Amino acid sequence: MKANLNQLTRAVDAVAANPDIRLYLLHGPDEAGARDVAARLGRIMGPDAERVDLEPGMLKTNPGRLADEAASMSLFGTARYIRVAGAGEDCVEACTLLLSAERAGNPVVMIAPTVKGSSALVKLATASPRAMACVFYVPEAGEADKIAASIAREQGLRTTGGTAARIALAAGGDRAVMTRELEKIALYLDAAPERPREIDDATLDAIGADLGDSEISRAIDAAIDGGPDRLADELGRLRVAGVSPIPLLRQLARRLMTLAELRAEIDGGASVNAVIERVFFRERATTARALHIWSAPKISEAIDRVRRAERATMATANAGAVLADSAMVAVARMAARQRG
């Protein structure tokens, strides 16, 4: 069946009471959001639950493995669930066997970031009462604010003023990062659903919940401006501060997309001075310089490179921050070459 995020999270939270749902298919480009829901399922299953990770390639060559694992008991007598990351159309046969099996018992959560709504895998899950399919899109700014406020409520926190927007911006719209930061805030304020606390700007300032916002901005400026040496210094500071690479890559991608829109207007006849007025004042100087450096094809190439790095960073068994740093340095070098 098809589900929205609220329906999906309610079903995940009640997984023990709803064993008829065998497959949770989380598809769409916001892999971070899908992984956050998969992690939520793990928490609901309990700290002693056994997680079985299966690779899509394994299911392609042995499609019956998924149904077998879903019907097997844990070696330790605890709860058990199966997770498949990076799923695609090669998992259709395995899911068909899972959904048609006589029994299952262990829920399967499948993360499929490249799968579209028109795919055979999504159609299979949508048509079955034993499956739930939910699409995940990278949230826009306003939607990300609402997500931050919703996650906060689950932790016993009430956002006030612009605090939800600050948290969402600092996390680059990444649900998993927002969840981790709000967990820290809840611990700091001793908050829980039964003893709610308010988040104000003073609290965020006190615990540094901006995730190094100014440092992130400096790193992005260095990348767009064509300063690889300066960027290397900024990336070093961010790594010491423990900043996640995902918000960094997402904010860089957003800056590049803004640059692409402005570049298109200028190529259509608008003046730099006219379009730059719509840019956030702290970014105007860097953006103005970038508009003199970057061509439209190179901006598109840079966006594609950053998006690929984001997907690779979120994949299992990856080099993490190394991939993100490499992509950012590559963007800085692209700018340096165009600047001459």
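In this predicted model, strand 2 and strand 3 (residues 80-85) run parallel and are joined by five bridges. Across this pairing, D53 sits opposite R83 of strand 3. The two strands belong to an open sheet of five strands, laid out in the order 2-3-4-1-5 with parallel pairing. At the edges are strand 2 (50-54) and strand 5 (131-135), each of which pairs on one side only. On average, neighbouring strands of the sheet are turned by 15° against each other, direction ignored. As background, strands of a sheet pair through backbone hydrogen bonds, and they can do this in a parallel or an antiparallel way.

Helices pack on this sheet too. Helix 1 (residues 5-13) touches strand 1 and strand 5, and its direction makes about 140° with that of strand 5. Helix 2 (residues 31-45) lies across strand 1, strand 3 and strand 4 (108-112), running at about 170° to strand 3.

On the helix 13 side the contact includes P245, L249, L256 and R263, while helix 16 contributes residues including A296, I303, R307 and E310. Sorted by class, this contact holds 16 nonpolar, one polar and five charged residues.

Helix 13 also packs with helix 17 (residues 321-339), this time at an angle of about 25°, with the axes 9 Å apart. Angles under 35 degrees count as roughly parallel, so helix 13 is roughly parallel to helix 17. The crossing of helix 13 and helix 17 is left-handed. Here P245, L248, L249 and L252 of helix 13 meet A321, A324, A327, M328 and V331 of helix 17. The residues in this contact come out as nine nonpolar, with no polar and no charged ones.

How far can these details be trusted? The protein chain averages a pLDDT of 87, and 94% of the residues score at least 70. Confidence is highest in strand 1 (residues 23-27), at 97, and lowest in helix 10 (residues 201-207), at a mean of 78. Where pLDDT is low, the predicted coordinates should not be read in detail.

Conventions
Residues are numbered from 1 along each chain as its sequence is written. This is a predicted model: local features need pLDDT of at least 70, side-chain atom pairs count only at pLDDT 80 or more; totals for chains, interfaces and linings use all residues. Side-chain values use heavy atoms; hydrogens and water are left out. Contact means heavy atoms within 4.5 Å. Helices (H or I, at least four residues) and strands (E, at least two) are DSSP runs, numbered from the N terminus. Ala, Val, Leu, Ile, Met, Phe, Trp, Tyr, Cys and Pro count as nonpolar, Asp, Glu, Lys and Arg as charged, and the others, Gly among them, as polar. pLDDT is the predictor's confidence in each residue, from 0 to 100. Axes are lines fitted to C-alpha atoms, for helices over the stretch in contact, and angles run from 0 to 180 degrees between N-to-C directions. Angles under 35 degrees count as roughly parallel, over 145 as roughly antiparallel, 65 to 115 as roughly perpendicular and the rest as oblique. A crossing is left-handed if the near helix is turned anticlockwise from the far one by less than a right angle, and right-handed if clockwise. Two strands pair if DSSP finds at least two bridges between them.
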